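Okay, thanks for coming, everyone. Let me put the structure up, and then we'll go through two spots in it.

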Amino acid sequence: MTISLIIATYNAPRQLQLCLNSVLRQTVMPSEVVIADDGSRDDTRELVGNMRPQFTVPLIHVWHED
């Protein structure tokens with residue numbers, strides 16, 4: 001079974017970091033984690049890039065203009 005976890009965000013990198021940290025603590029990981037970003041600033045992109053090495057599954061950042 002394939003499970004995708006989709007997390008919506010908009011200019012809230014601190015809250016996104018808390019959410020991603022909680023995902024890392026799960027005993028069963030999803031097949032992928034997708035960040036659905038509604039046009040956030042660069043700090044969100046940087047956060048996702050910095051956290052990507054901690055994940056054993058793909059951490060995908062999908063950004064579209066606000």
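Before anything else, what I'm calling a polar contact is a pair of N or O atoms within 3.5 Å, and within protein one of the two has to be able to donate a hydrogen and the other to accept it. And keep in mind this is a predicted model.

You'll find Ser40 in the loop between strand S2, residues 32-37, and helix H2. A polar atom of the Ser40 side chain lies 2.6 Å from the backbone nitrogen of Asn11. The Ser40 side chain also makes a polar contact of 2.7 Å with the side chain of Asp37. If you skip the neighbours within four places in sequence, Ser40 touches Thr9, Tyr10, Asn11 and Trp63. Buried or exposed, then, for Ser40? Its relative accessibility is 6%, and the cut-off for buried is under 20%, so Ser40 counts as buried.

H1 covers residues 13-24 and H2 covers residues 42-51; their axes come within 10 Å and cross at roughly 20°. Anything under 35 degrees counts as roughly parallel, so that's what H1 is to H2. As for handedness, H1 passes H2 in a right-handed crossing.

Who's making that contact? From H1 we have Pro13, Leu16, Gln17, Leu20, Asn21 and Leu24, and from H2 Asp43, Thr44, Leu47, Val48 and Met51. Sort the residues of that contact by type and you get 7 nonpolar, 3 polar and 1 charged.

Okay, that's both spots. Over to you.

Technical notes:
Residues are numbered from 1 along each chain as its sequence is written. This is a predicted model: local features need pLDDT of at least 70, side-chain atom pairs count only at pLDDT 80 or more; totals for chains, interfaces and linings use all residues. Side-chain values use heavy atoms; hydrogens and water are left out. Axes are lines fitted to C-alpha atoms, for helices over the stretch in contact, and angles run from 0 to 180 degrees between N-to-C directions. Helices (H or I, at least four residues) and strands (E, at least two) are DSSP runs, numbered from the N terminus. Angles under 35 degrees count as roughly parallel, over 145 as roughly antiparallel, 65 to 115 as roughly perpendicular and the rest as oblique. A crossing is left-handed if the near helix is turned anticlockwise from the far one by less than a right angle, and right-handed if clockwise. Contact means heavy atoms within 4.5 Å. Ala, Val, Leu, Ile, Met, Phe, Trp, Tyr, Cys and Pro count as nonpolar, Asp, Glu, Lys and Arg as charged, and the others, Gly among them, as polar. Buried means under 20% relative accessible area, exposed over 50%, partly exposed in between (1.4 Å probe, protein chains only).
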